[in-house]
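Let's take a friendly walk through the side-chain contacts of one model. Please keep the sequence and the 3D view open as you read.

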Amino acid sequence: PILFAIFINDIPNGLKSLLKIFADDTKSYRATRDANDQVILQEDINAIHHWSEMWQLGFNLDKCHTLPLGFNNMRYQYNINGNIVETVAEEKDLGIIIDEKLNFHKHILKATKKANSILGCIRRAIKYKDREMILPLYIAHVRSRLEYGSVVWNPYLVQDKKRIEYIQRRATEMINGISHPSYKSRLIALDLPSLEYRRRFADMVQSFKII
């Protein structure tokens with residue numbers, strides 16, 4: 001077998017804008033306070049394109065997008081080798097939908113819809129809905145989806161918080177033998193923290209790592 005090694009660590013060399021690289025994804029960004037910042041970002045895009053041409057690793061223009069952030073963004077049209085890069089209102093990055101308002105409402109809608117669907121499959125497929133059966137399935141296949149990347153999108157809107165918590169409320173109602181009428185009582189009986197508490201805890205852990 002022949003092993004080909006591709007080194008990409010030199011892409012940021014000489015760039016004035018920030019660059020993030022993960023697997024086959026490359027993101028370049030900077031604060032554009034005036035037209036000069038926009039020109040600098042375009043020059044960095046040109047430099048990245050020159051690197052890709054030199055190493056014959058061309059970018060797929062159809063998958064390249066510009067996501068403007070901020071209310072006063074001037075929405076400059078950037079290009080790659082003369083081809084205009086499409087400007088979008090949202091972009092999926094490593095499984096998280098990032099929108100131009102950074103409220104992550106669409107990501108939460110999609111995550112809760114998927115989690116609800118999986119919870120419905122568990123309800124229909126499992127006949128004996130006792131604690132030992134339902135709880136591990138919920139934690140592994142439902143709660144994990146509701147918490148992926150939460151330090152990025154942890155919601156501040158009450159409606160989004162309620163939408164997420166509703167999934168766990170449904171899951172606790174499925175379990176046989178838990179006759180407590182209130183959601184809080186069921187969480188205590190099952191030794192489960194609320195999802196809002198777990199997101200807050202994840203934020204604190206991330207803050208500790210950063211500090």
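## A lysine to begin with

Is Lys-161 buried, partly exposed or exposed? Lys-161 is partly exposed, at a relative accessible area of 26%; here buried means under 20% relative accessible area, exposed means over 50%, and partly exposed lies in between, with a 1.4 Å probe and protein chains only.

Before going further, a word on the basis of these values. This is a predicted model, in which local features need pLDDT of at least 70 and side-chain atom pairs count only at pLDDT 80 or more, while totals for chains, interfaces and linings use all residues. Residues are numbered from 1 along each chain as its sequence is written, and side-chain values use heavy atoms, leaving out hydrogens and water.

Searching the whole structure gives 9 salt bridges, each being a side-chain nitrogen of Lys or Arg within 4 Å of a carboxyl oxygen of Asp or Glu. One of them joins Lys-161 to Glu-196, with 3.5 Å from N to O. This pair links distant parts of the chain, as Lys-161 sits in helix 5 (residues 158-174) and Glu-196 in helix 7, 35 residues apart. Helices are DSSP runs of H or I with at least four residues, strands are runs of E with at least two, and both are numbered from the N terminus. Glu-196 is partly exposed, with a relative accessible area of 31%. Through salt bridges that share partners, Lys-161, Glu-196 and Arg-200 form one network.

Helix 7 (residues 195-210) also holds Arg-198, whose partner Glu-147 lies in helix 3 (residues 131-147), 51 residues apart. The N to O distance in this salt bridge between Glu-147 and Arg-198 is 2.5 Å. Glu-147 counts as buried at 19% relative accessibility, whereas Arg-198 is partly exposed at 28%.

Lys-27 is partly exposed, at 29% relative accessible area.

## The aromatic pair

How many aromatic pairs does the structure hold? There is 1, where a pair means rings of Phe, Tyr or Trp (its six-membered ring) with centres within 6.5 Å; planes under 30 degrees apart count as stacked, over 60 as edge-to-face and the rest as tilted. Tyr-76 and Tyr-78 make up this edge-to-face pair, 4.8 Å centre to centre with 65 degrees between the planes. Tyr-76 is partly exposed at 31% relative accessible area, while Tyr-78 is buried at 7%.
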